[in-house]
Amino acid sequence: MGDVGLFLSGATLFLNSLMLFGKANEKSVGVFNLFVGAFQVIAPFYLIAVSDQHHWTIFNLACIFLFGFTYLYVGITTLKGLEGNGLGWYSLWVSIIAIVYAVVSVIHFHDIINALIWIMWAYLWFLFFLSMSLNKKIDTYIGKVAFVQSWVTLTIPALLSLTGVWKTDFVSRVWFYVLILSIVYFCICTIRLKVSLKNSREKNMDVQVNS
């Protein structure tokens, strides 16, 4: 069921990225967020209830709530036309928790792939904080990050896991480089964004001086 949740998260993040690009209707995407959010809140309650109750089992299942409540929050905020300030601060909290999961992945589980994925998710949640709570005008940039992550951290890994090949040595090696290339792409997009913002500020200053 965990792989199914990741698979649906990939679809949700993909649609959210299109919404940020202005390609998908906000209310339509908001409804899908509610569907997946509800599933990812109900499912972990069930999985935890029938689990062996070992603390590491619960630790691994508890992270599903991070996605579930995010999608529910996004869906309700979008459909009701609420301000995103609260969602932004929640996203900051989740980004911090995601870093904890990344550290645990390395130290306890010795899983560098999972750690990189958690770091990428932490970065995306932090971007939502910058946009919604600090009012940074970076929606297009966030859309690019969300679009890439919807495939390389969720959809494709979920498909590979469902087919039973995700943990093989070959796939692990390949996916390490896929994730690194994705991070490099984010860095390039960040540099372009900073240059664009700098040029925009300089242009505004010139207009003010000339006027």
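This is a predicted model: local features need pLDDT of at least 70, side-chain atom pairs count only at pLDDT 80 or more; totals for chains, interfaces and linings use all residues.
Buried means under 20% relative accessible area, exposed means over 50%, and partly exposed is in between, with a 1.4 Å probe and protein chains only.

Residues are numbered from 1 along each chain as its sequence is written, and side-chain values use heavy atoms, with hydrogens and water left out.

Start with helix H1. Helices here are DSSP runs of H or I with at least four residues, numbered from the N terminus. H1 has 19 residues and spans 27 Å from its first C-alpha to its last, close to the 27 Å expected at 1.5 Å a residue; the expected span is 1.5 Å times one less than the number of residues.

Which residues of H1 are buried? They are Gly-5, Ser-9, Gly-10, Thr-12, Leu-13, Asn-16, Ser-17 and Met-19. These buried residues pack against helix H2 (26-49), helix H3 (55-80), H5 and helix H6 (139-162).

Take Asn-16 from that list. Its relative accessible area is 6%, so Asn-16 counts as buried. Apart from neighbours within four places in sequence, Asn-16 is in contact (heavy atoms within 4.5 Å) with Val-29, Asn-33 and Tyr-71.

Now the backbone. After H1 comes Gly-22, with a positive phi near 80 degrees. Most residues other than glycine have a negative phi. Gln-53 is not a glycine, yet has a positive phi of about 70 degrees. Gln-53 sits in the loop between H2 and H3 and, at 44% relative accessible area, is partly exposed. Asn-135, also not a glycine, has a positive phi of about 60 degrees. Asn-135 lies in the loop between H5 and H6, and its relative accessible area of 54% makes it exposed.

Last, the surface. Ile-99, Val-103, Val-106, Ile-107, Ile-112 and Ile-119 form a nonpolar patch with about 510 Å² of accessible area together. Residues in a patch have over 30% relative accessible area and no salt bridge, and nonpolar side chains (Val, Leu, Ile, Met, Phe, Trp, Tyr) are joined within 5 Å. A salt bridge is a side-chain nitrogen of Lys or Arg within 4 Å of a carboxyl oxygen of Asp or Glu. Areas come from the Shrake-Rupley method with a 1.4 Å probe.

Which element gives the largest share of the patch? H4 does, with four residues.

Conventions: Patches are made of residues with over 30% relative accessible area and no salt bridge: like charges are joined within 9 Å, nonpolar side chains (Val, Leu, Ile, Met, Phe, Trp, Tyr) within 5 Å. Helices (H or I, at least four residues) and strands (E, at least two) are DSSP runs, numbered from the N terminus.
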